[in-house]
Number of protein chains: 2
Amino acid sequence: MTFLEKLDGIWKKNDSMVCVGLDPDLDKLPACLKSLEFPIFEFNRQIIDATSDLVCAYKPQAAYYAGQNADDQLKMTIAYIREKHPEIPVILDVKRGDIGSTAQMYAREAFERYQADAVTLNPYMGFDTLKPFLDHAESGVIILCRTSNPSSCELQELVCGGRTIFEHVAVLARDKWNYNKNVLLVIGATFPEELGRIRKLCPEMPFLVPGVGAQGGDVKKVIENGAAADGFGLVINSSRGIIYADGTENFAAASRKAALKLRATINESKS
Amino acid sequence: MTFLEKLDGIWKKNDSMVCVGLDPDLDKLPACLKSLEFPIFEFNRQIIDATSDLVCAYKPQAAYYAGQNADDQLKMTIAYIREKHPEIPVILDVKRGDIGSTAQMYAREAFERYQADAVTLNPYMGFDTLKPFLDHAESGVIILCRTSNPSSCELQELVCGGRTIFEHVAVLARDKWNYNKNVLLVIGATFPEELGRIRKLCPEMPFLVPGVGAQGGDVKKVIENGAAADGFGLVINSSRGIIYADGTENFAAASRKAALKLRATINESKS
C-alpha cells in the first residue's frame, strides 16, 4: 500500500486529520520517565497508545533524536508504530535536500534505516535533489512550500513573474515533481490566506499543515482555506500542544484529551 | 579561536584552499578495509593522515553516515581530526533548516554531539531558522546560495526585483545574517560566472565551492571569478576525486597525490 493510500484510509477510519508531532525534549519529559533506559521511546510509546484511534499520522522530528544522541529511540519508535498500529503512516520530518548521490544516502536513512512511510524535503536545490525520494513511488514526499515560521517571508514571498516563490514551488510540485503521484506540500497554518491560494493551484494534493497550537495557527481558517473537496486533504500537525499537554505522569491521558479536542475542533470546522 | 580565524590560519600555513569531502560509501571502500569493525573511520583516518599538510578543511557529509548507520564513525572521525590535527577546521555538511526550537536541536547535533567547527544550512525558511546557528559566534555558518547541481536553476535563478534568488540570499547573508561575522556561502564551481557576481556583492566573505572534479567545475575559472583580494577566500571541495583516486589498498597515497595535484592547480591559477 502506498503512503497516500494509507493516509486516505486512516483519515476516514479515524475520522481525523490530526497528526501528532513526536518531538521529545529530554528536559521537558515527566520526571517519572527520566531514569528509564529509553525515556524518549517510553514517552512516545505511551502517547502513541493513548492517541492511535484519533490521528491520521505520527511525525517524529529527526532533530530531537539527532541532537540528543537518541537515533536508536527514533528507530524503536517507528518500529513500534509499524508493529502495533500498521495502519497509521509515519512521517519522518527531516527537511533534507542535497545533490543526487548524497540524496540517495538520505533516502536510505529515511526509508531503509528508519522505515518511514514519508519524508519532508527542502526544495531550494531543485528537482535532481528530490528525485531519489520521488522515485520511491510508494513513499510520501512532502516538500516545503510556505513554512509556518515568521522569517519564511524572506525568500518564500519574493515575487517572480507574478508568482511568489512558494507558488512556484507549488506549481513545480504539481506539474513536474509529481510523476509518481506521491508529492505533498508543507504549508503553515499561520498563513491561511496563502493556504487557500495553494489549494486553488493544487486542488487534490494533500498538505501537511504545521503551526496550529503553540505557533498560533487558527484551525477554522485552515479548514476553510485548505480542506480538499471531500473534506479531507490535510495532515494538521500539533507537537507541543499534544505531547506536553500535561508535564506529570498523566501526560499520556492528557495527550489523548488534547488530540480529542483538536480532532473535534477540526471536524466542527468542516461543517 | 573562531572558525574563520582557524580557516585563515590554515589557508596560509598549508598554502591551500583544498577541502577534502569525507563521503565514504561502504560499497566503494577498498576490499582490505571491509572486514574491519570501523571501516569508514579507518578509511577516513588514513586519508586524513595522508593529506593533513595539504588541505584547509575536512568536510564529512552527514548523509553517508546517517544512511549507513555509522553515526559513531562520524563522531570518531571528527574527534580524530580535532585531536591529531587541531589546526584543521571540520565542516559538517548537513544542509539543515528548520524552525527555531528544532534548529536548536540541530545546532546541538552539529556543535555538541559531533563537535564540528562549521555547518552547512539551507536558507529557504529564512532568518529565524538560521539564528540558532548564527548565535554560535565562534562557529562557521555556511549557507546554500548557488548550488552546483543542474536543477539548482529551478528556484535559485528566478528573478525578483532585478536580482536572482541566489543573489537575494547573498545580500541577506551580507546585510542581515552576518551579525557575528561567521557566515560563508555555498557557490557551485559549475557556475563560475555566478560566482563572480556573488564575489562582487560580498568581496570579503569566504565561499565553500563544491563541484570541481566529478561534477565538472573548472578550477581556473573558479579562482579567476571567486578568489578574494588576498588570493584566498575559497574552500574548494573535492570528495570523489580525492577519496576514490585509487580503489585498492593504495588509496591513501593516491588521495595525497590527488590533493597535491588539486592544490597545485589552484595555486597555479592564482598567479
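Biologist: What should I know about numbering and confidence before reading the model?

Modeller: Residues are numbered from 1 along each chain as its sequence is written, while chains are lettered from A and ligands numbered from 1 in the order in which they are written. Because this is a predicted model, local features need pLDDT of at least 70 and side-chain atom pairs count only at pLDDT 80 or more, whereas totals for chains, interfaces and linings use all residues.

Biologist: How many residues does the largest nonpolar core have?

Modeller: In soluble globular proteins, nonpolar side chains tend to be buried together. A nonpolar core here is a set of buried Ala, Val, Leu, Ile, Met, Phe, Trp, Tyr and Cys residues joined through C-beta atoms within 7 Å, buried meaning that 20 or more other C-beta atoms lie within 10 Å of a residue's own. The largest such core has 185 residues, and L185(B) is among those with the most contacts inside it. Leaving aside residues up to four places away in sequence, L185(B) touches I143(B), C145(B), A170(B), A173(B), I198(B), C202(B), M205(B) and F207(B), contact being C-beta atoms, placed from the backbone, within 7 Å.

Biologist: In what order do the strands of the chain B sheet lie?

Modeller: Strands are DSSP runs (E, at least two residues), and two of them pair if DSSP finds at least two bridges between them. In chain B, eight strands form an open, parallel sheet in the order β2-β1-β10-β9-β8-β5-β4-β3, with β2 (57-60) and β3 (91-96) as the edge strands.

Biologist: How do the two chains meet?

Modeller: The copies meet through the same surface, because 100% of the interface residues of chain B are also interface residues in chain A.

Conventions. Buried ≥ 20, exposed ≤ 12 C-beta atoms within 10 Å, placed from the backbone. Helix = DSSP H or I, 4+ residues; strand = E, 2+ residues; numbered from the N terminus.
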